[in-house]
Amino acid sequence: MTGDKLTGEVFYTSEETRNKAHIKDRAVLDLKAKKDYKKFWADIAGDLHWFKKWDEILDDSKKPFYKWFTGGETNISYNCLDRHLNTFRRNKLALIWEGEPGDVRTMSYFRLHQETCRFANVLKSMGVNKGDRVTIYMGRIPEIITAMLACARIGAVHSVVYGGFSVESLTERIEDSRSRVLIVADGSYQRGKVVPLKDIADEALQRAGTVEHVVVVKRTGQPVLMEPGRDMWYHELVSLPIASHNCQLEVMSAEDPLFILYTSGTTGKPKAILHTHGGYMVGTYATTRYYLDLQEEDRFWCSADPGWITGHSYIVYGPLLNGGTTFMYEGAPYHPYPNRWWQMIEKYGINIFYTAPTAIRGFMRFGDAWARRHNLTSLRILGSVGEPINPEAWKWYYNVIGNGKCPVIDTWWQTETGMHMIAPFPTDPLKPGSGGLPFPGIEMDVLDESGKPAGRNTEGYLVIKTPWPSMVRTLFNDPEKFRQQYWERFPGYYFTGDSARIDDDGYIWVIGRVDDVIKVSGYRLGSADIESALVSHPAVAEAAAIGVPHDIKGNVIHAFVILRDGQQGSESLTGELVKHIGHEVGPIAKPEKIEFVDKLPKTRSGKIMRRVLKAQAMGEDPGNISTIED
């Protein structure tokens, strides 16, 4: 094992970690996967419950529309809950939750099953059937988990919208999914303030006409508008006689849709990623167990939001499929003080902690003392997700939070992959800044422009060469775009949209996006979404948005705006535009800087050359600009 070219450092796992880990030696799994790729995945699937075993492990007859475990029948909600009820896990804590104000709720597997059944019966009473879409718009509260599991139980397709998105984003997602039911909280707590989710939803529903029923969870108790005949309180519905503790589940085919989740793309309209019951279940179960090494007695905290794929896979489905105890916190990491997270790790005895590099860099600003005042010795595994973690942040995380004993599992994956694709096992040698090696059985490569392997230590395009169970099946209602977006750039291979390099040991170093997607604090935002929001303001004629590197957030948004005739750039207009974007897209999309310009650099075909704008913003050479129109 050589030292990497960036830091020259390799960290090795302790004997204690090695002895406890599910996977003592990656080579054993790699060999098994290479020997019989399909049987490897079938053996993992065999750990879970199937009402009927599959006829075929992988159907690749209609590439790239792969199918897994065809003919098999299962239900992911059954595997998360019912499967554990006849075991010692019945009374084990499934969920520990703390609200930002400090309130605490816990649910055993038995109780979570009851709550899921009650709400599933409510949905059925509203006429929600198998295949119907249900939009969920809440903060990080227990009801978001029961709502997801209730939908899965009756075969409805959930579409969770991140509670930080605003009116336009919510409207778009409701309309595209044609949801008949919206589940929303009255509000959520963030940084000591109330986010008025119901008010935002009411405005969205004035534009989106498909919703017939709105279920409102009372979280903050603030006054909200309740439209008669449409809006109903969650707590009242689950108290009705129809909300029985028992709910007949829907037996699902492995390829039946489980959820759609919208992710920003290079065009204005977000892409609806579709995942299924069978393959997604197998992938999230396996990676939670093997990469994050979830053990029976562990308490597992993924700090993400269920509105993103990380929350779907590693707050809800992955831990519950493994019979683990998942912890969820509602609020902001630094509220009221920068020790809030470390306080909760100590209080609840968290063993596995999985968060984003943005958060780690944010805590680094406050120094070591806030963390060191707490006993963090319960931690065994640390995880990183959302973007490449820089070596300095990796080492601070490892040394200060993990006390030099906890392996850092730096994971690379996407909404589209459903599960981790690149990461070290806890027993692997660790290189700060590298994602490590692909999951056993998954072949990846870095290609040059012509589609040939780029070679060692050479930057190129990251592709996946083999199908995997939890892969995106299609884009909801747009299979042709699915084919074009992911499979046409390098025929036969899934193109990730990321650049990367492979070092001499085969470790993959992901560098970043090659398209017009901006990652801010680990969240994917389409430049087109921000530009569309800007142009919707009456003062703006044209706009371009780019991501500029930032020490804490990874990237921040820098916007260039051409104003309409008669309009003048000013501080007050800048503030108005920032507020407008926050309203239309969400607070995470607010630009760090807005620059008023007379022209934008464009190709002769009219495409904005964002790399030129980025070079200008960073004071760098823009390179070859011969294709600029003017």
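**Strand partners**

I began with W97, whose bridge partner in β17 is M328. A reminder to myself: this is a predicted model.

Next I looked at how the two strands run. β4 and β17 (residues 325-329) are parallel and joined by four bridges. I then turned to β5 (residues 104-108), which pairs with β4 in the antiparallel sense over five bridges. One pair I noted there is L93 with S108 of β5.

I followed the chain from β4 into β5 and found a hairpin, with five residues between the two strands. G102 sits in that turn and has a positive phi of about 110 degrees.

Is β4 enclosed or open? I checked burial for β4 (residues 93-98): five of its six residues are buried, so the strand is largely enclosed by the rest of the structure.

**A helix pair**

How do α11 and α12 pack? I read an angle of about 80 degrees for α11 and α12 (residues 309-321), with their axes 9 Å apart. Angles of 65 to 115 degrees count as roughly perpendicular, and α11 and α12 are therefore roughly perpendicular to each other.

I listed who touches whom. On the α11 side I noted Y280, M281, T284, Y285, T287 and T288. Facing them in α12 are I309, H312, S313, Y314, Y317, G318, P319 and L321. By class, this contact has eight nonpolar, six polar and no charged residues.

**A three-stranded sheet**

Last, I looked at an open sheet of three strands in the order β30-β31-β32, with mixed pairing. Its edge strands are β30 (540-550) and β32 (593-596), each pairing on one side only. I noted a twist that averages 25 degrees from one strand to the next.

Then I checked its helices. α18 (residues 527-535) packs on the sheet, touching β30 and β31, and its direction makes about 140 degrees with that of β30. α19 (residues 571-584) lies across β30, β31 and β32, running at about 125 degrees to β32.

How values were computed:
Residues are numbered from 1 along each chain as its sequence is written. This is a predicted model: local features need pLDDT of at least 70, side-chain atom pairs count only at pLDDT 80 or more; totals for chains, interfaces and linings use all residues. Side-chain values use heavy atoms; hydrogens and water are left out. Two strands pair if DSSP finds at least two bridges between them. Axes are lines fitted to C-alpha atoms, for helices over the stretch in contact, and angles run from 0 to 180 degrees between N-to-C directions. Contact means heavy atoms within 4.5 Å. Buried means under 20% relative accessible area, exposed over 50%, partly exposed in between (1.4 Å probe, protein chains only). Angles under 35 degrees count as roughly parallel, over 145 as roughly antiparallel, 65 to 115 as roughly perpendicular and the rest as oblique. Ala, Val, Leu, Ile, Met, Phe, Trp, Tyr, Cys and Pro count as nonpolar, Asp, Glu, Lys and Arg as charged, and the others, Gly among them, as polar.
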